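Please read it alongside the model.

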Amino acid sequence: MSIAITDLFAERESERYSLHARYLNEQLVRVLKTIGFDKGYVRGVGQYLYDRHGERYLDLLSGWGVFAIGRNHPTVRDALKQVLDGEFPSLVQMDVSALAGVLAERLLRYVPYADKVFFANSGTEAVEAALKFARAATGRPGILYCSHAFHGLSYGSLSVNGDPIFRTGFGPLLPDCNEIPFNDLDALERALASRKIAAFIVEPIQGKGVVMPDDGYLAGALELCRKFGTLFVADEIQTGLGRTGRFLAVEHWGVEPDMVLLAKSLSGGHVPVGAVLTRKWIFEKVFDRMDRAVVHGSTFAKNDLAMAAGLATLDVIQSEQLMQNAERTGARLLGAFERMAQRHELIGEVRGRGLMIGLEFGAPRSLKLKASWNLLEAASRGLFCQLIVIPLLHEHKILIQVAGHANRTIKLLPALTITDADCDWIERSFDAVVSDAHRVPGAVWTLGKTLLDNAVRASASG
Ligand SMILES: Cc1ncc(COP(=O)(O)O)c(C=O)c1O
């Protein structure tokens with residue numbers, strides 16, 4: 001007997017929004033409907049999504065960075081089928097997994113200064129492990145993190161989250177976690193001087209807003225951490241595995257962290273996974289005696305499906321030269337957006353590396369545009385970006401969103417498999433929508449008024 005999942009999907013997919021509104025997160029459904037993102041995709045292949053009518057969309061969100069090798073990659077599917085068909089002895093617990101050993105070996109080839117791997121089931125679990133390991137290894141309580149940082153939403157990672165929107169209402173959080181500004185070495189040094197800080201955790205390029213480190217920042221931070229006996233933890237959950245054109249983003253700045261965190265795309269887009277790559281002495285401080293052999297862990301970590309997906313992902317990144325493609329197409333897009341910024345006053349700044357690119361919009365100079373911009377921004381900070389992302393989806397079939405709450409930056413985080421034809425598609429579409437946004441009155445600003453009216457109506461009706 002088999003359960004007819006394909007038939008079930010076909011029969012019920014049109015009910016997805018009502019099912020979610022009823023049994024899951026209704027607010028998310030409201031958001032999707034308000035901005036017309038309720039497209040009902042029925043298929044995903046590579047960097048593309050397809051709706052019920054067979055219309056193709058270019059996905060620049062890639063599931064918040066999960067689909068670096070594209071959706072439903074045949075190599076990952078084949079690896080997973082082999083595990084299932086092979087009836088592998090996964091999760092014996094009182095034994096160890098061969099595939100986990102091999103995946104650890106292969107990951108460490110890319111990060112030769114690390115010696116050990118701890119596997120988890122998600123990004124936030126990798127962060128939790130790193131925070132615990134840092135305290136255990138140093139015997140210190142303190143954790144430093146940066147403003148606007150995002151490291152996940154469970155209690156440890158929420159305690160090092162630099163955005164109040166995520167923290168509000170969930171306190172008290174972990175003690176001894178302190179925020180410092182990103183790109184501020186003086187603030188870091190002042191905080192480290194107490195010698196009570198176990199770890200400094202940082203995203204090499206901040207995901208919320210695509211904020212780049214100043215050139216000497218990460219190397220300077222590492223040097224300060226060494227000086228004060230603090231561990232440097234690089235959260236590469238979004239930036240890692242080739243996204244920025246190198247295996248790890250820290251490689252651009254010659255930095256060798258004490259711990260490196262991976263997740264998202266290591267899953268091959270199929271089986272959630274997280275990993276902490278760390279130095280041996282840190283690992284041995286945690287797992288220091290036989291009776292502490294399982295002092296930290298998680299039931300599903302190292303399961304064979306996740307390990308096989310990870311192995312297949314590394315193989316695809318190498319064999320399809322995806323790091324090189326990320327570097328080349330990323331440089332092409334950055335160049336195109338910088339030229340666009342010179343033509344369009346609403347584009348304030350273009351930032352990024354490889355295929356992690358942010359386009360920040362800012363207050364225009366010309367009077368007519370300024371009046372409309374100010375009206376919108378006064379009503380809701382960051383709303384302007386929706387005037388860009390909505391027509392990108394509806395008129396140009398490009399799926400993209402802003403890089404955080406009340407943020408004026410739109411982030412491109414596509415699959416690393418995108419082609420020159422996709423880059424043409426992106427450049428053409430952005431140019432058209434941003435050009436339209438410079439016309440007042442025009443369709444883009446009419447959409448702004450509609451969104452504002454809807455928001456007012458929604459808040460009036462509760
Ligand atoms: C830099 C970074 N760290 C950690 C996380 C949390 O990962 P997960 O959602 O798998 O828990 C994310 C997720 O967006 C992330 O971008």
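Arg 56 places its charged end over the ring of Tyr 48, 4.3 Å from the ring centre. A charge counts as over a ring if NZ of Lys or CZ of Arg is within 6 Å of the ring centre and within 35 degrees of the ring normal. The model is predicted: local features need pLDDT of at least 70, side-chain atom pairs count only at pLDDT 80 or more, and totals for chains, interfaces and linings use all residues. Residues are numbered from 1 along each chain as its sequence is written, and side-chain values use heavy atoms, with hydrogens and water left out.

**Charge over ring**
- Arg 71 lies over the face of Phe 67, at 4.0 Å from the ring centre.

**Aromatic pairs**
- The search of the whole structure finds 15 aromatic pairs. Rings of Phe, Tyr and Trp (its six-membered ring) pair if their centres lie within 6.5 Å; planes under 30 degrees apart count as stacked, over 60 as edge-to-face and the rest as tilted.
- Phe 182 and Tyr 217 are edge-to-face, because their ring centres are 5.2 Å apart and their planes stand at 70 degrees.
- This pair links distant parts of the chain, 35 residues apart: Phe 182 is in the loop between β6 (177–180) and α10 (185–192), and Tyr 217 is in helix α11 (residues 217–228). Helices (H or I, at least four residues) and strands (E, at least two) are DSSP runs, numbered from the N terminus.
- Phe 182 is buried at 11% relative accessible area, and Tyr 217 is buried at 2%. Buried means under 20% relative accessible area, exposed over 50%, partly exposed in between (1.4 Å probe, protein chains only).
- Phe 384 and Trp 445 form a tilted pair, 5.6 Å centre to centre with 35 degrees between the planes.
- That pair also joins distant parts of the chain: Phe 384 sits in helix α16 (residues 383–396) and Trp 445 in helix α18 (residues 443–460), 61 residues apart.
- Phe 384 is buried at 1% relative accessibility; Trp 445 is buried at 10%.
- Phe 118, Phe 133, Phe 283 and Phe 287 are linked by ring pairs into a cluster.

**Helix packing**
- The axes of helix α5 (residues 74–85) and helix α13 (residues 304–319) come within 9 Å and cross at roughly 150 degrees. Axes are lines fitted to C-alpha atoms, for helices over the stretch in contact, and angles run from 0 to 180 degrees between N-to-C directions.
- α5 and α13 are therefore roughly antiparallel (angles over 145 degrees).
- Residues in the contact (heavy atoms within 4.5 Å) include Val 76 and Leu 80 of α5, and Ala 308 and Ala 312 of α13.

Note on methods
Parallel < 35°, antiparallel > 145°, perpendicular 65-115°, else oblique.
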